[in-house]
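I opened a new structure today and kept notes as I went. The entries below follow the order in which I looked things up.

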Amino acid sequence: MDLLQTRVTGVDFRNPILLASGIWGESGISLTRAYEGGAGGVVTKSIGSEPRSGYPNPTIEKNGTWGLLNAMGLPNPGIESYGEEVRYALSRGVRVVGSVFGGTAEEFARLSQAMEALGVAAIELNLSCPHAKGYGSEIGSDPEALAEVVRAVKSAVRLPVWAKLTPNTADPASLGRAAERAGADAISAINTLRGMAIDPVTMRPILSHVSGGLSGPAIKPIGLAFVWQVFEAVHIPIIGIGGISRPEDVFEYLLAGASLVEVGTAVMEGGGPLFGQLARGVSDILVTHGLKSVSESVGAAHRR
Ligand SMILES: Cc1cc2nc3c(=O)[nH]c(=O)nc-3n(C[C@H](O)[C@H](O)[C@H](O)COP(=O)(O)O)c2cc1C
């Protein structure tokens, strides 16, 4: 499966299909399970400075028609305790990307330095969580605030920095350009979209936080359009995320302009082996189209 090997932001990946942040990222063991199942790399849960317990239940609503709504509230053990999990995964040879979130540019920079010290291959900035007040998309939907975070992190670490953008914006291209100008090495897109569900029996919102982030099959067309638009606006690589569950989905993201993809919601059902299945399927698709590498397919739909 050599044709799947790829190098993005100076980091080698055995295939372009990564575990997305927040799914299976709680422990070194689950990160390793995704890698052993065939993932090209894994992104950690977004980690903050202090332990956070997140929101009370219910935090997840699953629906066969549109996918998943979650408002976890960024539960995480804090960077100090989480180090152990990253070290475990690294000791097993896993390619790990460290995801961080903060309330200020300085906090993002400090957390990124701590991740760098652990030995991860790249940093992904969660500038896009739709349901944690003061974090994420409140910073990430303002190009100025986003650029300030990226600049602070870039001057604090040597590692490649991936800026994860929110789809809750009217202007993906401006956000992408702001991240690129501030020095981001890549753009990850998309995070979840704000949504909600109401229980017609209790007549109350289902999630304790009322609204949450929508992920899964329903958001694939939105993710594809976002990647397409950003690809035409920037020159740095894009990591495509949103609603991927089949090899064809991965290929569509590559054609739209993604150099790598991340898979989240589908892993909850498909488990680690899903990554192997996706990788084999993508390899077959490349062969069918006479393509000799992943990079030959990146953005190909723009050229046809
Ligand atoms: C339960 C859950 C937790 C998530 N936690 C995070 C997180 O901590 N950091 C982050 O950047 N994205 C987080 N996400 C967003 C995913 O990484 C991804 O961007 C989104 O779910 C779209 O991909 P998918 O449709 O393959 O799930 C989370 C998603 C879900 C469903």
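Entry 1. I looked for the ligand and found that it sits in the largest pocket. The model is a predicted one, and I read every entry with that in mind.

Entry 2. I then checked polar atoms facing the ligand. Lysine 164 has a side-chain N or O atom 2.8 Å from an oxygen atom of the ligand. For glycine 243, a backbone N or O atom is 2.7 Å from a ligand oxygen. Glycine 264 places a polar backbone atom 2.9 Å from an oxygen atom of the ligand. On its own the ligand has 610 Å² of accessible area, and the protein covers 97% of that.

Entry 3. I went back to strand 6, which spans residues 67-70, and picked leucine 69 in it. Is leucine 69 buried or exposed? Its relative accessible area is 2%, so leucine 69 counts as buried, the cut-off being under 20%.

Entry 4. I looked up what leucine 69 touches, leaving out residues up to four places away in sequence. Its contacts include Thr59, Ile60 and Glu61. Also among them are Gly195, Met196 and Ala197, as well as Leu207, Gly212, Gly213 and Leu214.

Entry 5. I took one more distance from leucine 69, to serine 215. The two are 146 residues apart in sequence, yet their C-alpha atoms are 6.4 Å apart in space.

Technical notes: Residues are numbered from 1 along each chain as its sequence is written. This is a predicted model: local features need pLDDT of at least 70, side-chain atom pairs count only at pLDDT 80 or more; totals for chains, interfaces and linings use all residues. Side-chain values use heavy atoms; hydrogens and water are left out. Helices (H or I, at least four residues) and strands (E, at least two) are DSSP runs, numbered from the N terminus. Buried means under 20% relative accessible area, exposed over 50%, partly exposed in between (1.4 Å probe, protein chains only). Contact means heavy atoms within 4.5 Å. A polar contact is a pair of N or O atoms within 3.5 Å; within protein, one must be able to donate a hydrogen and the other to accept it, and residues adjacent in sequence count only if both atoms are side-chain atoms. Accessible areas come from the Shrake-Rupley method with a 1.4 Å probe; for residues, only the protein chains shown count as cover. On a 1 Å grid over the protein atoms alone, a cavity is a set of points where a 1.4 Å probe fits but cannot get out, and a pocket is an open set with protein on both sides within 12 Å along at least five of seven lines; lining residues have an atom within 4 Å of a point. A molecule sits in a cavity or pocket if more than half of its atoms lie within 2 Å of its grid points.
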